[in-house]
Number of protein chains: 4
Amino acid sequence: MSELTLNGKRILLTHADAFMGPVLIEVLEAQGATVIADTDSLRDPDAPERLVGRAGPVDIVVANLAIPAPDSRVEDVGETEWSDTFAALVDPLPRLLRAVLPQFRERGAGKMLVMGSAAALRGMKRTSTYSAARGAQIAWAQAVGVELARENIRVNVIAQNFVDNPTYFPASVQENPRFQERLKREVPLGRLVAAREDAQFVAYLCSDAANCFVGQVFPVCGGWVQR
Amino acid sequence: MSELTLNGKRILLTHADAFMGPVLIEVLEAQGATVIADTDSLRDPDAPERLVGRAGPVDIVVANLAIPAPDSRVEDVGETEWSDTFAALVDPLPRLLRAVLPQFRERGAGKMLVMGSAAALRGMKRTSTYSAARGAQIAWAQAVGVELARENIRVNVIAQNFVDNPTYFPASVQENPRFQERLKREVPLGRLVAAREDAQFVAYLCSDAANCFVGQVFPVCGGWVQR
Amino acid sequence: MSELTLNGKRILLTHADAFMGPVLIEVLEAQGATVIADTDSLRDPDAPERLVGRAGPVDIVVANLAIPAPDSRVEDVGETEWSDTFAALVDPLPRLLRAVLPQFRERGAGKMLVMGSAAALRGMKRTSTYSAARGAQIAWAQAVGVELARENIRVNVIAQNFVDNPTYFPASVQENPRFQERLKREVPLGRLVAAREDAQFVAYLCSDAANCFVGQVFPVCGGWVQR
Amino acid sequence: MSELTLNGKRILLTHADAFMGPVLIEVLEAQGATVIADTDSLRDPDAPERLVGRAGPVDIVVANLAIPAPDSRVEDVGETEWSDTFAALVDPLPRLLRAVLPQFRERGAGKMLVMGSAAALRGMKRTSTYSAARGAQIAWAQAVGVELARENIRVNVIAQNFVDNPTYFPASVQENPRFQERLKREVPLGRLVAAREDAQFVAYLCSDAANCFVGQVFPVCGGWVQR
């Protein structure tokens with residue numbers, strides 16, 4: 001199915017060495033994409049523009065932003081935790097979009113997919129900072145998704161949780177029997193979503209077959225959130 | 001990507017001559033599936049079991065159930081409209097699942113995808129009967145999706161609206177300038193979702209790449225509902 | 001606050017001896033309402049019209065419909081369970097609304113509140129029949145809520161779960177230590193919502209203070225569903 | 001109903017001269033509360049702690065945070081707009097909660113209600129900055145609501161839109177016939193929610209009658225969002 005291939009598509013992937021980065025490179029390239037896999041920090045306000053400037057033509061931005069999730073209790077959330085989390089996960093989004101928008105408009109097409117978190121859709125203990133930042137991502141993607149839809153520019157967001165990745169579910173966590181019990185109890189799927197399953201869904205959303213989705217939130221979390 | 005092919009999969013498609021039926025046959029077969037395209041009415045309580053009985057091995061059921069949507073005002077919803085709508089859209093679901101479940105269990109795998117409606121997620125005027133029936137579908141799929149997840153049986157539901165199809169958006173509707181205005185005003189995408197786009201998403205969900213989704217609701221409606 | 005009183009309001013309450021019935025009578029009357037507490041079965045298609053006919057003027061209908069929730073596995077859901085559940089929980093809704101609508105319109109005001117279930121919003125095992133019926137209620141209320149909003153007729157629905165009531169959480173369930181553990185593990189509130197808390201929210205929604213809500217779903221489930 | 005009174009409750013209200021501030025003072029005091037109506041900016045990181053320090057005992061915090069909503073197109077969202085919006089709407093939340101938490105815990109009870117926006121739940125054009133900040137509020141409230149529920153500390157959030165208030169719907173907007181048309185077309189209620197209706201719902205949620213709600217999002221937007 002030609003609409004499923006990513007042949008000829010240039011995909012800019014951020015934080016490519018963290019979170020879903022490595023598996024995304026593998027799966028997106030296997031489906032034909034040219035992946036510009038960037039590993040720079042995007043905290044500097046000018047970094048996104050510089051990144052886009054050196055990336056060459058970009059058809060799709062996969063905003064894969066990650067930090068080790070703070071697990072502070074409410075009373076222990078400090079100013080640095082808060083500002084660092086937003087600086088890493090939230091602030092780069094409008095800068096990335098602004099930077100890439102001119103070429104999207106010139107081409108009359110473009111896509112941004114945000115690798116977000118279902119922690120923004122369902123409350124959990126000791127994740128308030130992280131959830132807040134992920135909530136900003138989702139609401140932002142819904143708004144810009146609606147705003148840009150008529151220009152053939154599609155912005156959508158994946159809301160994932162319980163997906164196998166080294167940033168949030170490293171081996172040390174997975175090996176913990178209590179974590180495995182929690183997985184069986186709380187996640188209908190009864191296992192982590194495989195990194196590859198998540199990446200293939202990303203590949204699908206990057207393909208032309210998925211050009212009908214705009215401003216939409218897709219949970220990928222083994223049924224932990226159902227919509 | 002081998003996980004995306006439907007080679008070797010036998011997909012039972014109901015009401016195959018209505019709603020998304022024709023395009024589903026085309027797209028699913030193009031991706032390698034064998035489609036058992038049934039066109040019988042499923043209103044008779046025994047029809048689903050008979051259908052499954054004669055279908056041979058079935059890996060996936062695509063429950064594509066449709067009737068012309070009644071557009072009665074609340075005060076004009078009659079007993080026949082109500083019972084006919086539930087008989088066509090809702091009652092066949094548990095019967096289909098019961099009928100196919102033994103072979104799913106024997107094989108340790110199986111999938112059902114319900115072609116549902118976003119009318120169940122967002123209220124509209126003059127659709128109360130239809131919305132109620134579609135709401136039953138969604139809540140049912142969420143429940144059985146959770147119940148069967150551990151057996152490698154995945155039940156999910158597409159909540160579509162503003163998708164091009166002859167049952168709900170025939171040419172006569174699409175040609176109406178007021179409908180086109182409504183589309184531009186109410187649907188972020190600004191156009192109908194193409195039948196083929198919807199069918200390709202179905203194909204994706206039927207593929208092994210999507211084995212991580214259970215009990216989930218996927219809006220396909222041009223951003224009219226965002227999650 | 002005069003908008004909070006129910007003085008002078010005549011509230012028709014169905015299945016008044018089951019589910020939230022008894023506590024609703026107590027709380028609604030304490031806030032000044034005249035409660036027409038009906039205990040008849042509404043399964044006969046003509047029963048809602050007869051009920052409204054003999055009730056006299058009705059300002060608000062509280063559609064409190066309940067049956068002992070079947071807890072069959074998917075494969076054990078029988079035809080009778082299915083049809084009985086829909087006959088008890090779903091089919092009376094449009095009949096009740098049709099019956100009361102003429103006097104609502106004559107008066108230029110009216111309200112219906114459906115006592116629904118959060119089981120329609122989040123899947124659980126062995127509740128497929130019940131969830132489906134409750135899902136029909138919610139989608140129906142969203143649709144008619146939108147349709148009738150401009151006529152000052154408000155239809156809304158409470159999506160409750162883990163609320164103390166004899167129909168779904170009888171003493172035998174509450175005394176079970178495993179149930180108490182489940183409550184602590186799955187329900188953020190850590191306890192059942194008190195019957196009186198639920199009833200007071202109903203009283204609030206019945207009051208003129210809440211005339212701004214239309215077609216809306218209100219979870220009342222101790223945070224088990226957050227919206 | 002004694003649970004509905006706010007007698008004896010000390011409510012700290014922020015930005016009391018903006019957004020829902022004035023009507024909240026009126027309605028909360030009319031129901032018996034002592035309102036500590038603060039009008040200071042909370043942008044200084046130390047401001048929330050100072051505010052709580054001088055407020056005396058506080059039973060409930062109503063986090064009414066507002067700024068004139070920027071209506072920039074995506075390409076015009078500047079660094080200052082972005083950082084100002086988060087500084088005003090988002091960053092004060094964890095600081096307020098941290099400041100008030102010790103006395104909540106000492107008392108074994110406490111409440112925070114965030115006056116948030118439905119713009120975080122449904123995308124709109126030219127609101128990306130504002131929506132993102134409001135999305136952070138909602139996800140944060142869901143997370144801390146779950147975390148603190150067992151301590152009898154309830155955090156919930158109202159997601160409002162189309163509520164009459166001078167910050168977002170000043171007379172100049174309301175007088176615009178195009179706005180009135182939009183209201184009739186897009187908002188099922190067909191009118192703005194009255195300021196007083198919103199404030200009464202806040203009063204309800206502040207009362208002991210509503211002690212069963214934790215981490216929950218309540219849309220108040222005339223049916224524009226249904227849950």
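Biologist: In chain A, is A:Trp224 buried or exposed?
Modeller: The model is predicted, so that local features need pLDDT of at least 70 and side-chain atom pairs count only at pLDDT 80 or more, while totals for chains, interfaces and linings use all residues. Residues are numbered from 1 along each chain as its sequence is written, chains are lettered from A and ligands numbered from 1 in the order in which they are written, and side-chain values use heavy atoms, leaving out hydrogens and water. Buried means under 20% relative accessible area, exposed over 50% and partly exposed in between, with a 1.4 Å probe and protein chains only. At a relative accessibility of 4%, A:Trp224 is therefore buried.

Biologist: Which geometry do the rings of A:Phe162 and A:Trp224 adopt?
Modeller: Rings of Phe, Tyr and Trp (its six-membered ring) pair if their centres lie within 6.5 Å, with planes under 30 degrees apart counted as stacked, over 60 as edge-to-face and the rest as tilted, and this rule gives 44 aromatic pairs over all chains. The centres of A:Phe162 and A:Trp224 lie 5.6 Å apart and their planes stand at 75 degrees, so the pair is edge-to-face.

Biologist: How many residues apart in sequence are the parts that this pair ties together?
Modeller: Helices (H or I, at least four residues) and strands (E, at least two) are DSSP runs, numbered from the N terminus. A:Phe162 lies in the loop between strand S5 (153-160) and helix H6 (171-174) of chain A, whereas A:Trp224 lies in the segment after strand S6 (217-220) of chain A, so the parts tied together are apart in sequence by 62 residues.

Biologist: Which strands stand at the edges of the sheet in chain C?
Modeller: Two strands pair if DSSP finds at least two bridges between them. The open sheet of six strands in chain C has parallel pairing and the order S2-S1-S3-S4-S5-S6. Because each edge strand has a single partner strand, one side of each is left without a neighbour in the sheet, and these strands of chain C are S2 (34-37) and S6 (217-220).

Biologist: What is the bridge partner of C:Leu12 in S2(C)?
Modeller: Strand S1 (residues 10-13) of chain C pairs with S2(C) in the parallel sense over four bridges. In S2(C), C:Leu12 has as its bridge partner C:Ile36.
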